[in-house]
Amino acid sequence: MRTHRLAVAAALAFALAQPLDSQQLPQGSSAPAEATMGYADLADLALAAPIAAHVRVSRASALSRREAPDVPPDKRRFLFTADVMTLIRGPGEMPVEVTWLADLPNDARGRPPRIARRAEYLLLAAPTPGRPGELRLVAPDSLLPYDPATAEQLRAILREASAPDAPPRITGIGRAFHVAGSLPGEGETQIFLQTADDRPISLNILRRPGEQPRWAVALSEIVDDAAAPPAPRTLLWYRLACTLPAQLPPQSLSEAQPDEADAIRADYRVIIQGLGPCARMRARR
């Protein structure tokens, strides 16, 4: 049994040291996460994880310093074995039992933490090539204590992300244009965004005298009159609020006259304020 544990731990330790091919994440506190995560935090982890599962721990063994010499003194490496209760995202041939490594902070007395018997977690992980049942966390804090609300939010994010019309990942801001209306204070601005798959997406702001500015997002080349701002805590909101810079880049205004550029900047501020902050609660470094 000890030989098998060492072999699994060695294989997982090698996998733990390999960079993920998916989106790089800001590093947070060690798993399991203790702080509450916001929508953006969970989306960061979910979108980077090829595997998302509700698991129940059957064994959690603390490795010795000899077995895990690269772990900082204030942490201890654990080898987890768990049963997959529900596979939320992942390959259909996923084993019913999985293992992974996690570096957990010691308690106030400097001792390894106690892992509750049959503890349940939401596991966000990646496979180890050639070892189907051996996983690696996509971030140090991607082992989340299970609760139904977090699980449902995770499912909602992954449902949106897998839909045929899922909002594309935004990679930059393209050209921005403004057309003044016939009345003072009237005008329309259109800001084109760049996306990872070259799908069209634009931000559109309409001003009329005596009215609040109206803005919307168009996910096609045609701006629908029924288009609206994205609802908070949705994937489209996340793509915009967590990607768009606070100010337009100068190249987006290269074709605008000075008065048009001023109007575009003002309209862009309306959008940023309307989206609100991309509040992340995970520790970052």
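Of the 285 residues in the protein chain, 44% count as buried, where buried means under 20% relative accessible area, exposed over 50% and partly exposed in between, using a 1.4 Å probe and protein chains only. This is a predicted model, in which local features need pLDDT of at least 70, side-chain atom pairs count only at pLDDT 80 or more, and totals for chains, interfaces and linings use all residues. Residues are numbered from 1 along each chain as its sequence is written, and side-chain values use heavy atoms, with hydrogens and water left out.

The protein chain has five helices and ten strands; helices (H or I, at least four residues) and strands (E, at least two) are DSSP runs, numbered from the N terminus. Contact means heavy atoms within 4.5 Å. Among contacts in the protein chain with a separation of 6 or more, 64% join residues 24 or more positions apart.

Let's visit helix α2, residues 39–48. How many of its residues are buried? Ten of its ten are, and what covers them includes β2 (75–89), β4 (120–128), β6 (143–145), α3 (148–162) and α4 (235–241).

Now for the partner helix α3. Two packed helices are described by the angle between their axes and the distance between the axes. For α2 and α3, the angle is about 55 degrees and the axes are 10 Å apart. Axes here are lines fitted to C-alpha atoms over the stretch in contact, and angles run from 0 to 180 degrees between N-to-C directions. The two helices are therefore oblique to each other; angles under 35 degrees count as roughly parallel, over 145 as roughly antiparallel, 65 to 115 as roughly perpendicular and the rest as oblique. On the α2 side, the contact is made by Y39, L42, A43, A46 and L47. The α3 side includes T150, Q153 and L154.

Next comes the core. A nonpolar core is a set of buried Ala, Val, Leu, Ile, Met, Phe, Trp, Tyr and Cys residues joined through side-chain atoms within 4.5 Å. The largest one has 47 residues, of which L124, I191, L193, Y238 and L240 touch the most other members. Helix α2 gives the most to this core, with seven residues.
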